[in-house]
There are 2 protein chains.
Amino acid sequence: MVQLINELFGRAFDNPWLRRGDDGAVLPAPGPGERLVLATDAHVVSPLFFPGGDIGSLAVHGTVNDLAVMGARPLYLAASFILEEGFPLADLQRIVKSMAAAALAAGVPVVTGDTKVVERGKGDGVFITTTGLGALAAGRDLSGANACPGDAVIVSGTMGDHGMAIMARRENLAFESDIVSDSAALHGLAALALEAAPGLRLLRDPTRGGLAATLNEIAQQSGVGMVLDEAAIPVSPQVAAACEFLGLDPLHIANEGKLVAVCPAAEAAGLVAALRAHPLGLRAACIGEVSADAHRFVQMKTVLGGRRMVDWLAGEQLPRIC
Amino acid sequence: MVQLINELFGRAFDNPWLRRGDDGAVLPAPGPGERLVLATDAHVVSPLFFPGGDIGSLAVHGTVNDLAVMGARPLYLAASFILEEGFPLADLQRIVKSMAAAALAAGVPVVTGDTKVVERGKGDGVFITTTGLGALAAGRDLSGANACPGDAVIVSGTMGDHGMAIMARRENLAFESDIVSDSAALHGLAALALEAAPGLRLLRDPTRGGLAATLNEIAQQSGVGMVLDEAAIPVSPQVAAACEFLGLDPLHIANEGKLVAVCPAAEAAGLVAALRAHPLGLRAACIGEVSADAHRFVQMKTVLGGRRMVDWLAGEQLPRIC
């Protein structure tokens, strides 16, 4: 079994580092003046396959995006698999192939890995932890702590697609049209953003907890408030309808292929235009601004003309979304 | 719950990288001429606590050792936790504290991490994947492919302690004295070995599958055979007795604090002496030599004067040993 798996991995991810068969991968140092970025993510999504992706492609995108939002150039991935005994080899093959295709498309090879098997009933099919190593240009400093009053808050597209795709599949909800996860590698889009807005304060990918959690985190880290414009926040009609049906707020639903950007107001229009020129940013929009607020509240002007708080959720609305 | 966990992790592993609260850690580039080494390991050991350690300390030692055997200086760790719902917080606290203590003792900070929770019955307490980043000096090239006929095969101490400690605890076997895991960070010992034997071909840590699997892997990678001397292989009396009782071979039992080294014969005595001067290498010994063998067989001269093959095991003798 272990041999089969190693052959499967070796063939799918094939590269000079894996072929060496050593305990780790030896990699060149980054370019002159560059620093390193290290990020890790466990992926436990359920179901393993969903419209728009699977745990394999998600494990690549999730970690590549953690590097991308730091402003880093993703270089390499390490992958660790925890398999439940009896997990169908055909499913594993499908996942590994999808993961290898996502890594190839992103240009980020899986250079080292590990596999463990646990007894039936002690896992759930497969869990994948991916760790990414990236290079960060000299002087670049994106951080959740950088937002300033007056800055613009921008998103790269519609909110809630990934989480709602998972939930619809999990609950066997039949909507008129399939909701498809937005799972995608965002380092190309992030590079565009860095170029278009030299004063860019920060990037984030609004995954678990959705846009609401991400913006509240930024408000906490930067010691600021935010005022959003509900009418400006892009949500697809299918996701809006599904949310209404289920009594959920799209701002709390996870995304896996969207950026949140904060930049000086003067750079906002240029940044939105640049994002919209990229296939992954077609529906980019400026959705609000950073405010001076000792309470660090994230508020929203509603379409009805009122104001409401955009809160953290107390619990996890959707477990195992990624 | 997630907040509690983040506070627990933040306090235990406290360092400037974690305090930033970003999606990844920004780290300085390695020194001039140095390359990088990346290694990852999932830890699923059962039971979580055992004589000589727990899953937390093991997760640090396992990955630090993967870097050490590449000849690298371990610099940073990333940690990802998959928790089963309902796992006692007191147990998690104990594990995280032990992990933080092991990281501090090894001088390798945990700079970034992630936590996911799965439903009861979909995990087994806690699984921990650690990924390590190290720096490799210019010109250093340790690899399983480097062994040459005539080279000496050296181990840094007794074989089988970790696996037998786990098995004894799991099966509730009562031996006269507790068998204690050898789980330890080996980068200090590895650095000594590199200094004592400038011609060092390779280092390995004989974990899953024990010494037998590790030597067979090296034989395969290097295209050589090996001839071992059974009488020279150090095994503690307790492990030897337990193995006899259970019908197991100590050469197939996992270690978590031992090095296998292959070096030119002329450097063997100096290397053994250097290892013996370190607290983790007191029982170091030269146990055999590399031979020219197109069949890549690992053979052993037995204490009775015969010869036997040292085989890979077909299956995994002891699942979830690390």
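1. B:Arg320 sits in the segment that follows β14 (307-309) of chain B, in what is a predicted model. This arginine has a positive phi of about 55 degrees although it is not a glycine, and because its relative accessibility is 5%, under the 20% limit, B:Arg320 counts as buried. B:Arg320 also takes part in a salt bridge with A:Glu119, in which the closest N and O atoms are 2.7 Å apart.

2. On the side of chain B that touches chain A, at least two residues each come from β1 (25-27), β2 (35-43), β5 (73-84), β6 (110-118) and β7 (126-136) of chain B. By class, this side of chain B has 26 nonpolar, 14 polar and 17 charged residues.

3. In overall terms, 57 residues of chain B are in contact with 57 residues of chain A, and the two chains bury about 4,700 Å² between them, 57% of it on carbon and sulfur atoms. Strand pairing also crosses between the chains: strand β2 (residues 35-43) of chain A runs antiparallel to β1(B), to which three bridges join it, and within this pairing A:Leu36 stands opposite B:Leu27.

4. B:Arg296 is partly exposed, at a relative accessible area of 32%, whereas B:Arg320 counts as buried.

5. Cis peptide bonds are the next point. In chain A, such a bond joins A:Ser46 and A:Pro47, with omega about 5 degrees, and A:Pro47 is found in the loop between β2 and β3 (49-50) of that chain. In chain B, a cis peptide bond joins B:Ser46 and B:Pro47, again with omega about 5 degrees, and B:Pro47 lies in the loop between β2 and β3 of chain B.

6. Helix α5 (residues 161-170) of chain B is largely enclosed by the rest of the structure, because eight of its 10 residues are buried. The buried residues are B:Asp161, B:His162, B:Gly163, B:Met164, B:Ala165, B:Ile166, B:Met167 and B:Ala168, and what covers them includes β3 (49-50), α3 (55-68) and α8 (237-246) of chain B. Just after this helix, B:Asn172 takes a positive phi of about 55 degrees.

7. Finally, strand β10 (residues 225-229) of chain A is mostly covered, with four of its five residues buried. Four bridges join β10(A) to strand β12 (residues 285-291) of chain A in an antiparallel arrangement, in which A:Leu228 stands opposite A:Gly288. With strand β13 (residues 298-301) of chain A, β10(A) pairs in the parallel sense, also over four bridges, and here the bridge partner of A:Asp229 is A:Lys301.

How values were computed:
Residues numbered from 1 in each chain as written. Chains lettered and ligands numbered in written order. Predicted model: local features only at pLDDT ≥ 70, side-chain atom pairs only at ≥ 80, totals over all residues. Heavy atoms only, no water. Contact = heavy atoms within 4.5 Å. Buried area = accessible area lost by both parts, 1.4 Å probe. Salt bridge = Lys/Arg side-chain N within 4 Å of Asp/Glu carboxyl O. Nonpolar A, V, L, I, M, F, W, Y, C, P; charged D, E, K, R; others polar. Pairing = 2+ DSSP bridges. Buried < 20%, exposed > 50% of the residue type's maximum accessible area, 1.4 Å probe, protein only.
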